[in-house]
Amino acid sequence: MSCIVMNPEPLAALANAVETRLNCDYNYWGFEAPDSLYRELTDCKISCTYYAEDIYRRLYAVNIRAYNGRYAGHEEPADEEAPTIDGSKYIVHHRPEYREHGFAVCPWHYQLAKLLDCWLYQTAEDATYKDPLRLAMKEFRDGLYYFIVMNSPQYVDVQWGELPHLAEKEE
């Protein structure tokens, strides 16, 4: 396994998506953020509003701790202070789209899942594997996965208790 420090732009996009999800009403996008994510990011909110800049800094710090833990004896430790960028222009998420009986799975859901997967992979080091923010982000990712599967047309089209139609063997 290897570990890299993610670029600031994808981390900002991830932070913006988390901010939007935490600041919206229940079931926005068709899935809820886990309670653990609200708890872990309480220091990223003022009054009742979560802020992407603070979330970005937290995500970056966990990534750096993982990197420093992985390469502790090999390289100079990286600084946990996130590079300053205008993170507001890096957006992967969009407003929810509806279809009959629920929400539509859109390409951005997969992009968000890939960003989450990347960050979770980069933070899966001994130093951060059980970090509470990492575990909360994993729950968030799992909720997104569940949403994607449950709302995909392929899943919706399959009937409960029914076997797939198998092609007969040609002889």
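Predicted model: local features only at pLDDT ≥ 70, side-chain atom pairs only at ≥ 80, totals over all residues.
Let's start at S47. S47 sits in the loop between β1, residues 45–46, and β2, residues 49–50. Now look at the backbone. Phi of S47 is near 60°, a positive value in a residue other than glycine. Most residues other than glycine have a negative phi. Is S47 buried or exposed? The relative accessible area is 64%, so S47 is exposed.

There is another positive phi to look at, at W29. Its value is near 75°, and again the residue is not glycine. W29 is also in a loop, this one between α1 and α2, where α2 covers 35–40. The accessibility, though, is 1%. Buried means under 20%, so W29 counts as buried.

One more loop residue, T128. T128 lies between α4 and α5. Relative accessibility is 1% here, so T128 counts as buried. What does T128 touch, beyond residues up to four places away in sequence? The list is V62, R65, A66, T123 and R134.

Let me step back to the whole chain. The protein has six helices and four strands. The order along the sequence is α-α-β-β-α-β-β-α-α-α. The C-alpha trace spans about 65 × 45 × 25 Å along its principal axes. There are 171 residues, and 42% of them are buried. Now contacts.

On to helix packing. Two packed helices are described by the angle between their axes and the distance between the axes. First pair: α1, residues 8–23, and α3, residues 52–70. Their axes come within 8 Å and cross at roughly 125°. Angles over 145 degrees would count as roughly antiparallel, and 65 to 115 as roughly perpendicular. The α1 and α3 pair is therefore oblique. The crossing is right-handed.

Which residues make that contact? From α1, we have P8, L11, A12, L14, A15, N16, V18 and E19. From α3, we have A52, I55, Y56, L59, Y60 and N63. By class, that is eleven nonpolar, two polar and one charged.

On the α4 side: H109, Y110, L112, A113, L116, D117, W119 and L120. On the α5 side: L133, R134, M137, K138, F140, R141, L144, Y145, F147 and I148. The class count is 13 nonpolar, one polar and four charged. Note R134 in that α5 set. R134 is also one of the residues that T128 touches.

Now the core. In soluble globular proteins, nonpolar side chains tend to be buried together. The largest nonpolar core here has 42 residues. Which members touch the most other members? They are L37, L41, L59, L112, W119 and M137. Four helices each supply at least two residues: α1, α3, α4 at 107–122, and α5 at 132–151. The top contributor is α1, with eight residues.

Let's take two of those core members in turn. L59 first. Set aside neighbours within four places in sequence. L59 is then in contact with L11, L14, A15, W119, L133 and M137. L59 is also on the α3 side of the α1 contact.

Then M137, in helix α5. M137 is at 0% relative accessibility, so it counts as buried. Beyond residues up to four places away, M137 touches L14, V18, L37, L59, L116, W119 and L120. L14 and V18 are part of the α1 contact with α3. L116, W119 and L120 are on the α4 side of the contact with α5.

Conventions: Residues numbered from 1 in each chain as written. Heavy atoms only, no water. Axes fitted to C-alpha atoms, helices over the stretch in contact; angles between N-to-C directions. Parallel < 35°, antiparallel > 145°, perpendicular 65-115°, else oblique. Left-handed = near helix turned anticlockwise from the far one by under 90°. Contact = heavy atoms within 4.5 Å. Nonpolar A, V, L, I, M, F, W, Y, C, P; charged D, E, K, R; others polar. Core = buried A, V, L, I, M, F, W, Y, C linked by side-chain atoms within 4.5 Å. Buried < 20%, exposed > 50% of the residue type's maximum accessible area, 1.4 Å probe, protein only.
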